[in-house]
Amino acid sequence: MAGIRWPPEDAEPVQTRALTTSDLISDDDRSVAADSWSVKSDYGSTLDDEQRQVDASDVLSSGGTFRAASDYSSDKDEPEAEMENSMLGLLSYWESIYTDEIANFHENGHVGEVWFGVEVMETIAVWIKNLCANFHQGHSGSLGDGTVPKPNPGEEVSKVLASWSVLDIGTGNGLFLQELAKQGFSDLTGIDYCDGAINLARNVADRDGCSSIKFLIDDVLETKLEKQYQLVTDKGALDSIGLHPDGAARRLLFWGSVSKLVAPGGILVITTCNTTKDGLVQEAESFHLKPAATDVQVLSKFRYLDHIDSYPSFSFGGLEGRSVATVALERRLEA
């Protein structure tokens, strides 16, 4: 999946009817979609390069996803701006995209889009490695289901990370899992609801010597997975889910699913460009599964753990913000 920014103000209104594949692959639709979501990939793309440049001042002045710089809890009472519906929330759109991406891979060796760009992907992978190593070292008791042993003094970090089970939601071409493999993770699984994405990911992984990574066709909103994972990552899937015509309801389904996929005591790492860090933390911490027809208050399933603070920031009109936010959340043991 890919990074998304607000479409131009003069873009045509999104149709509410179910779109067909032929609707989605027209030149006009492809141009609007490319302008809405993509960060240029160093690996090559089937989309128009001229659509990729993000004007930071336009984004900041629009008020779409930026707020004044603040500590993590300072703006929790401010509502997030509602996201506009987009074809990017539709499976039919992604099926048409990955049909082109697979053809491009076989013809030219290009793996398609890297959501948020290669630099951000590499930054997240290194940060996750350090986060998990530090979290594990300082964690009281076992992580998740207890299968990861607490490291002995002097034990190599790579040996610890190799024991972690990792799930990547909306894995797309699977390159992010390859980056995690470079950092020492080895129990890696990627899921995507688009079979074309999984086809591409498997082909790319086989070519790059990473055939041990598992790729499964699975919709996180109706997941068939029964296993829990000690690390779950999402780099753009929640953004795409929120752009569906039923985005608000689907985001609730997302949190319900991931709360079951992340092992108690495990970590969820989400990267987004449609929500601020503070907004994402608020959304995660406000989600809980309240027993039906009771007044029993249940603890939130997640709590804030850490975030990446090294992304470039932009200032415009007295506002400061970042085009990408990455937040780590811990799945509560007691919830």
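In the predicted model, the cover over the buried residues of helix α8 includes α4 (91-108), α7 (175-182), β2 (187-192) and β3 (214-217). The residues of α8 that are buried comprise Gly-196, Ala-197, Ile-198, Leu-200, Ala-201, Val-204 and Ala-205. Just beyond α8, Gly-209 adopts a positive phi of about 75 degrees.

In soluble globular proteins, nonpolar side chains tend to be buried together. The largest nonpolar core of the model consists of 51 residues, and those making the most contacts inside it are Ile-128, Trp-164, Leu-180, Phe-185, Leu-231 and Ile-267. Two or more residues are contributed to this core by each of α4, α5, α6 (157-161), α7, α8 and β5 (262-272). Helix α5 supplies the largest share, 10 residues. When residues up to four places away in sequence are not counted, Ile-128 touches Phe-176, Leu-180, Phe-185, Leu-231, Thr-233 and Val-269. Another core, of 24 residues, lies apart from the largest one and has Tyr-229, Val-232, Ile-241 and Val-327 among its members.

Aromatic pairs number 6 in the model. In one of them, the ring centres of Trp-94 and Tyr-98 are 6.3 Å apart and the planes meet at 35 degrees, so the pair is classed as tilted. Both residues belong to helix α4, where they are 4 residues apart, about one turn of the helix. Trp-94 and Tyr-98 are both buried. Trp-94 also pairs with Trp-115, with ring centres 5.8 Å apart and planes at 35 degrees, so this arrangement is likewise tilted. Because Trp-94 lies in helix α4 and Trp-115 in the loop between α4 and α5, the pair ties together parts that are 21 residues apart in sequence. Trp-94 has a relative accessible area of 2% and is buried; Trp-115 is buried too, with a relative accessible area of 2%.

Ring pairs join Tyr-93, Trp-94, Tyr-98, Trp-115 and Phe-116 into a cluster. Within this cluster, Phe-116 is located in the loop between α4 and α5 (118-138). Phe-116 has a phi near 70 degrees, a positive value in a residue other than glycine. The relative accessibility of Phe-116 is 6%, and this residue therefore counts as buried, the limit being under 20%.

Note on methods: Residues are numbered from 1 along each chain as its sequence is written. This is a predicted model: local features need pLDDT of at least 70, side-chain atom pairs count only at pLDDT 80 or more; totals for chains, interfaces and linings use all residues. Side-chain values use heavy atoms; hydrogens and water are left out. Buried means under 20% relative accessible area, exposed over 50%, partly exposed in between (1.4 Å probe, protein chains only). Contact means heavy atoms within 4.5 Å. A nonpolar core is a set of buried Ala, Val, Leu, Ile, Met, Phe, Trp, Tyr and Cys residues joined through side-chain atoms within 4.5 Å. Rings of Phe, Tyr and Trp (its six-membered ring) pair if their centres lie within 6.5 Å; planes under 30 degrees apart count as stacked, over 60 as edge-to-face and the rest as tilted.
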